[in-house]
Amino acid sequence: MTTLPTRRLGALTVSAQGLGCMGMSHAYGAADDTQSIATIHRALDLGVTLLDTSDFYGNGHNEELIGRALAGRRDDAVLATKFGFANRLGEPIRIRGDAAYVREACDASLRRLGVDHIDLYYLHRVDQSVPIEETVGAMAELVEAGKVRHLGLSEASTRTIRRAHAVHPIAALQSEWSLWTRDLEAEIAPVCRELGIGLVPFSPLGRGFLTGRYTSTDALQEGDMRRGQPRFADGNLERNLAVVEALDALAAEKGVTAGQLALAWVQHRGDDVVPIPGTRREKYLTENLAATGIELSPDELAAIDAAAPAGSVAGTRYDEGSLTFVDK
């Protein structure tokens, strides 16, 4: 097993880059369990410790998949999962953060994962009908019971973060952060740093777009959620390709790929930042991990910022319905 650099998420030590496992079961086309398990094993062999999932991904399939992959290797992983979506896929979205559901969801995740504890347990989305103090209070009880080691939030506002952290220390905030999604930079990241909360960017490659592999939606499988996302829509996609072309040019000068350059930019946001690019293929896993060793000078970072300035992306990151579930 190789060793990657480590970073801290609150009191939790993890590899400097984690592995997002959602796409192995959810959102990006048909699953391939054999390929996905091989990729998880390869990630562990290469020193990745942080594995990220949710009870929502594939209606629990993703947790079951990771449970199978970790059989005999539990101690190699820092296991993170999320709860909060109380609906099945295809049903109207329901968010639950009441204390009874917190306990129910955790026990169900433990069964699917086949483990006796979760290392990092996130609230996937904030339930606006339940005080965050109730939700995090119930999560803290799971820590006391030994079922969970550390707590996290996902897509939470500064107000929610402060209120939650006052109930129990929050180790990490998981939110979208990449060259084309920079919403948390102005207020949320500074508050997390003030409180000692680590940052876990999901979709640090812009849902794969910043790699340059997708020049039209024709390249996406049927059932791929990106087909319905505004940034991949006709008109927006073509405008956004200009960012990838500019990154490609900078990457060529550096001798790396556009995706590696975009990911290295995220890695350089701070020592408290642990991105979790997702893939189910060993080839892309290896490519992503190489970004942890790419050093960027101040001039290079400035050139990347100029190539992909904040606010230059065409289209919102979610459709209007999904945006309503992001805590404001």
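User: Within how many Å do the axes of helix α4 (residues 132–144) and α5 come, and at roughly what angle do they cross?

Analyst: The two axes come within 9 Å and cross at roughly 40°. The axes are lines fitted to C-alpha atoms, for helices over the stretch in contact, with angles from 0 to 180 degrees between N-to-C directions. Helices (H or I, at least four residues) and strands (E, at least two) are DSSP runs, numbered from the N terminus. This is a predicted model, where local features need pLDDT of at least 70 and side-chain atom pairs count only at pLDDT 80 or more, while totals for chains, interfaces and linings use all residues. Residues are numbered from 1 along each chain as its sequence is written, and side-chain values use heavy atoms, with hydrogens and water left out.

User: Why are α4 and α5 called oblique to each other?

Analyst: Angles under 35 degrees count as roughly parallel, over 145 as roughly antiparallel, 65 to 115 as roughly perpendicular and the rest as oblique. The crossing is at roughly 40°, so α4 and α5 are oblique.

User: Which residues meet in that pair, α4 and α5?

Analyst: From α4 come Ile132, Glu133, Val136 and Gly137, and they meet Thr160, Arg163, Ala164 and Val167 of α5 (contact means heavy atoms within 4.5 Å). By class, the contact of α4 with α5 holds four nonpolar, two polar and two charged residues. Here Ala, Val, Leu, Ile, Met, Phe, Trp, Tyr, Cys and Pro count as nonpolar, Asp, Glu, Lys and Arg as charged, and the others, Gly among them, as polar.

User: What makes α5 and α6 roughly parallel?

Analyst: The axes of α5 and helix α6 (residues 188–195) cross at roughly 15° and come within 9 Å, and that angle therefore makes the two helices roughly parallel to each other. Thr158, Ile161, Arg162 and His165 of α5 make the contact with Ile188, Val191, Cys192, Glu194 and Leu195 of α6. Five nonpolar, two polar and two charged residues take part in this contact of α5 with α6.

User: How do you know that Thr160 is buried?

Analyst: Buried means under 20% relative accessible area, exposed over 50% and partly exposed in between (1.4 Å probe, protein chains only). Thr160 has 6%, so Thr160 is buried. This residue of α5 (residues 158–167) touches Val126, Ile132, Leu153 and Asp327, leaving aside residues up to four places away in sequence.

User: What makes Ser129 exposed?

Analyst: Ser129 has a relative accessible area of 64%, so Ser129 counts as exposed. Ser129 lies in the loop between β6 (118–123) and α4. Its C-alpha atom is 8.4 Å from that of Arg96, which is 33 residues away along the chain.

User: Is Glu155 buried or exposed, and why?

Analyst: Glu155 counts as buried because its relative accessibility is 5%. The loop between β7 (148–154) and α5 holds Glu155, whose phi is near 50°, a positive value in a residue other than glycine. Most residues other than glycine have a negative phi.

User: Why do β3 and β9 stand at the edges?

Analyst: The open sheet of seven strands runs in the order β3-β4-β5-β6-β7-β8-β9, with parallel pairing. Two strands pair if DSSP finds at least two bridges between them. β3 (19–20) and β9 (198–202) each have a single partner strand, so one side of each lacks a neighbour in the sheet. For β9, five bridges join it to the parallel strand β8 (residues 170–176), and Ala172 has Gly198 as its bridge partner.
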